[in-house]
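Below is a walk through a structure, starting with how one of its chains is divided and ending with the contact between chains. Please keep the sequence and the coordinates at hand while reading.

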Amino acid sequence: MSPILEVKNLYKNYGSTEVLKDINVSIEKGDFLVLVGPSGCGKSTLLNCIAGLEPITGGDLFIGGQNMTNVSPKDRDIAMVFQSYALYPTMTVAKNITFGMKVRGIDQATQDAKLKHVSTQLQIEPLLHRKPGQLSGGQRQRVAMGRALVRDPKLFLFDEPLSNLDAKLRVEMRTEIKALHQRLGASMVYVTHDQIEAMTLATKIVVMKGGVIQQIGTPAEIYNRPANLFVADFMGSPAMNLIPAKTKKNGKDTQIEIARKNADPIVLTEKRSTDLPENIIIGVRPEDIVDAAFARTDDTQQADCMIDIVEPAGADTFAVMQLGGKHVTARLHAETTAAAGTSQRLAFDLGKVSYFKPETGLRLN
Amino acid sequence: MTDMSYAPTRTQSPTTKLVLRFVLYILLALFALFYLMPLFVMITTSLKSLDEIRTGDLVSLPREVTFDAWRTAWSSACTGIQCEGVRPYFLNSLLIAIPAVLISTIIGALNGYVVAQWKFKGANIFFALLLFGCFIPFQVVLLPMAIVLGKLGISGTIPGLIFVHVIYGLGFTTLFFRNYYVSIPSELTKAAMIDGAGFFRIFWSIFMPLSLPIIVVSVIWQFTQIWNDFLFGVSFSQAGTQPVTVALNNIVNSTTGVKEYNVDMAAAIIAALPTLLVYVVAGKYFIRGLTAGSVKG
C-alpha cells in the first residue's frame with residue numbers, strides 16, 4: 001500500500017530566499033508525524049505546503065498515493081487545526097463544525113448525524129449554540145478539533161495547536177490528542193516547537209533547522225542516536241551534555257580525556273572498537289551521569305566531581321558542574337547526598353553515549 | 001512598623017471637585033450653544049414670514065409660526081427659469097447618492113478583502129495607487145473626467161454622476177475595508193479554504209457578517225461626500241439632472257428683487273436633512289467602526 005503522505009524533493013522559495021530545501025518525508029497510515037524545530041525553521045511553511053495553502057517551488061507531494069502538488073486545498077482530503085483555532089467568529093459552534101459540509105452541499109440529515117457524533121466524542125454538546133467569543137481557550141481548541149474530525153479526512157494537519165493554552169491545559173490536551181490518535185488510527189502531521197510534545201505524541205519525528213531536515217526517526221532513535229549536535233542539543237530536557245574531549249588509542253580501547261579546571265582530567269574508557277579522531281565532542285544525557293552509590297549497572301566508570309549547583313526537582317535532583325569548559329548536568333537520585341561546593345562520586349554510563357565531530361557536528365558512532 | 005495607609009497628597013475636597021465639574025459643564029454648554037446658533041437661526045428664520053424677518057430681530061423666536069416658506073422651498077421656489085422648488089433635485093440627489101453609495105461600498109469591500117487577505121503580486125502597489133487617488137483634488141480630474149464621460153456617452157446624465165462618485169469614492173472605501181480586514185487573522189481564510197469555501201463564499205459567509213461597523217462607516221462617509229458634493233454636480237449635470245446642492249445654489253443666487261431668506265433657509269435645511277438623518281440613525285456605529293481594531297473570535 002502506498003504511503004498516506006509522501007513529500008519528494010520539495011523546495012520552497014520566497015523570492016530568492018530558500019525556505020525549504022530538498023524535503024523528503026513519507027508516512028504510513030496511522031502514523032503521527034511531528035515536525036519540530038526552533039521558530040523560523042520552516043516547519044509551519046512545510047505544513048502549509050502539505051495543506052496546499054502555500055504553492056511549492058519544486059518537488060512533488062502525494063496524499064493517499066495521488067499526486068496533489070497542484071490540487072487546491074479543499075480537494076486534498078485533509079483537515080487542519082490552526083494555532084489561533086481560526087473559528088468563524090460570527091457562527092455558532094455547531095455552524096462552525098458544519099460549515100465545511102454545508103459548503104460541500106452535504107444533506108442536512110448527514111450533517112446533523114456527524115455533528116452529533118463529533119460533539120459527543122469531544123464532549124462539546126453543551127456549547128453547540130454558543131459563539132466562539134463565549135468559549136474558553138480549551139473549549140475553542142476542542143471545537144477546532146471537532147471541525148477537523150467531522151471531515152474524516154485521510155490526513156490531519158495540526159499547526160502548533162496547543163501553544164496558546166496554559167501549561168496545565170496543554171498537558172491535558174496533549175494526552176487527549178494522543179488518545180484521539182490511538183482511538184481513530186488516523187494519520188496526522190503535527191507542527192510544534194516544543195520537543196516534549198514531539199517526544200510524547202509522535203510515532204515519527206522530523207527535526208528541522210533552517211529549512212533543512214536534520215533527522216527523521218522514531219522518538220527513541222532521535223533521543224538516543226541524534227544525528228548531529230543540533231538534534232542532540234534540541235531534543236531532551238534538560239539538554240544532552242555536549243563536552244569537548246580528546247581521545248587516545250590504548251590498544252583495543254580508546255581513552256577519552258575530559259579536561260577540568262583545577263583538577264585532573266576525567267579519563268573514560270570506550271571499550272567498543274570505534275575509530276575516533278583526536279578531538280571529539282562527547283554527548284551524554286543527564287540520566288547517564290548518576291550517583292555512584294545509586295548506579296544501576298556495573299558497566300559504569302566513576303569519577304569525583306565538584307558540584308556547582310544542586311537543583312532539586314522532586315523526582316530527581318539535577319546537579320550542575322564544569323567539565324571540559326561546559327556546564328554539565330547530571331540527573332541524581334532524589335535522595336542524593338550531593339551539595340553545592342562539595343565533591344561527589346559520579347558514575348558515567350557510556351552505553352548510550354554519542355560522539356560528534358567538532359568541525360561538522362555530525363555523529364561519529 | 002511600616003505605614004500601610006499611604007494616601008496620595010493631591011486629593012481634592014468634594015467641593016473643589018463639584019466646582020470643577022460645574023465649570024466644565026458650563027464650558028461645554030457654551031460651546032454647544034455656539035455651534036447650534038446657526039442652526040437655530042436657520043430654523044427660526046425658515047418659520048417666519050418675510051414681513052417678520054424684515055421688521056424683527058435675527059435671533060428672536062417667530063411671533064407667528066408659518067410653514068409657507070417650507071412649502072415654497074419644496075415645491076415652488078424658482079431655480080432660474082423653472083419654479084418647481086427643490087423637490088425634483090432632491091429626487092435627483094437620491095437617485096445619484098443611493099446607487100453610488102451602494103456600489104462604491106460593495107466594490108470597496110471586495111477590494112479591501114482582496115488587498116488584505118489575498119496578497120497577490122503587486123498588491124501593495126495597487127493599494128498605494130488607490131490611496132493616492134484619495135488625495136487628488138476634485139478640480140484636477142474635472143477635464144479628463146468630462147472627456148471620459150463624453151466617450152462613454154453618459155455626460156450630463158444621472159448614471160454619469162453615479163459613475164463619477166463611484167470612481168472617486170473607491171479609494172476611500174477600499175482604504176476603510178482594507179484596514180478593517182487586515183486585522184482579521186489570515187488563518188480564518190485558510191481554514192475556510194480547507195473547508196472547501198471559495199473566494200466569494202469566504203467573503204460572503206465569513207467576512208460580510210463581521211463587517212457591519214465598517215459598512216456603516218463607509219456608507220456614512222460616502223453618503224455625506226456624495227450628497228454634499230457640489231463641484232461634480234455642477235460640472236457634470238445638465239438641466240433636469242442637477243443634484244439638490246446645485247439647486248440650492250440656484251435658488252439662493254438666481255432670485256431677483258426681494259431676498260426670500262425664509263425660503264433659502266428652508267431649502268438649505270431640506271438639502272441637509274438626509275445627511276443629518278444618516279448620522280442620527282447610524283452615528284453610534286461610526287465611531288465604533290472607525291476605532292474597531294481586532295475582531296477576535
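**Domains, fold and contact**

In this predicted model, the domain assignment of chain B gives two parts: domain 1 covers 14-64, and domain 2 is made of 87-247 + 263-291. The centres of domain 1 and domain 2 of chain B, taken over C-alpha atoms, are separated by 35 Å. Where these two domains of chain B touch, domain 1 gives four residues and domain 2 gives four residues. On the side of domain 1 of chain B that touches domain 2 of chain B, two residues are nonpolar, two are polar and none is charged.

The secondary structure of chain B consists of 13 helices and zero strands. The radius of gyration of chain B is 26 Å, whereas the globule rule gives 19 Å for 297 residues; the value for chain B is well over that, so chain B is more spread out than a compact globule. Along the principal axes, the C-alpha atoms of chain B fill a box of roughly 80 × 75 × 30 Å. With a residue counted as buried if 20 or more other C-beta atoms lie within 10 Å of its own, 37% of the 297 residues of chain B are buried. Of the contacts in chain B between residues at least 6 apart in sequence, 76% join residues at least 24 apart.

Chain A holds an open sheet of six strands, in the order S6-S7-S8-S3-S9-S10, and the pairing is mixed. At the edges stand S6 and strand S10 (212-217) of chain A; each has a single partner strand, so one side of each is left without a neighbour in the sheet. On average, neighbouring strands of this sheet are turned by 15 degrees against each other, direction ignored. Strands of a sheet pair through backbone hydrogen bonds, either parallel or antiparallel. Strand S3 (residues 32-36) and strand S9 (residues 204-209) of chain A run parallel and are joined by four bridges. Val34(A) has Ile205(A) as its bridge partner in S9(A). Helix H4 (residues 137-149) of chain A packs on the sheet and touches S6 and strand S7 (155-159) of chain A. The direction of H4 makes about 175 degrees with that of S6(A).

The last step is the contact between the chains. Chain A contributes 20 residues and chain B contributes 16 residues. On the side of chain A that touches chain B, the elements giving two or more residues are strand S6 (78-81) and helix H2 (93-103) of chain A. The residues on this side of chain A divide into 14 nonpolar, four polar and two charged.

Conventions: Residues numbered from 1 in each chain as written. Chains lettered and ligands numbered in written order. Predicted model: local features only at pLDDT ≥ 70, side-chain atom pairs only at ≥ 80, totals over all residues. Contact = placed C-beta atoms within 7 Å. Nonpolar A, V, L, I, M, F, W, Y, C, P; charged D, E, K, R; others polar. Rg over C-alpha atoms; globule rule 2.2 N^0.38 Å. Buried ≥ 20, exposed ≤ 12 C-beta atoms within 10 Å, placed from the backbone. Pairing = 2+ DSSP bridges. Axes fitted to C-alpha atoms, helices over the stretch in contact; angles between N-to-C directions. Domains from an automatic or database assignment.
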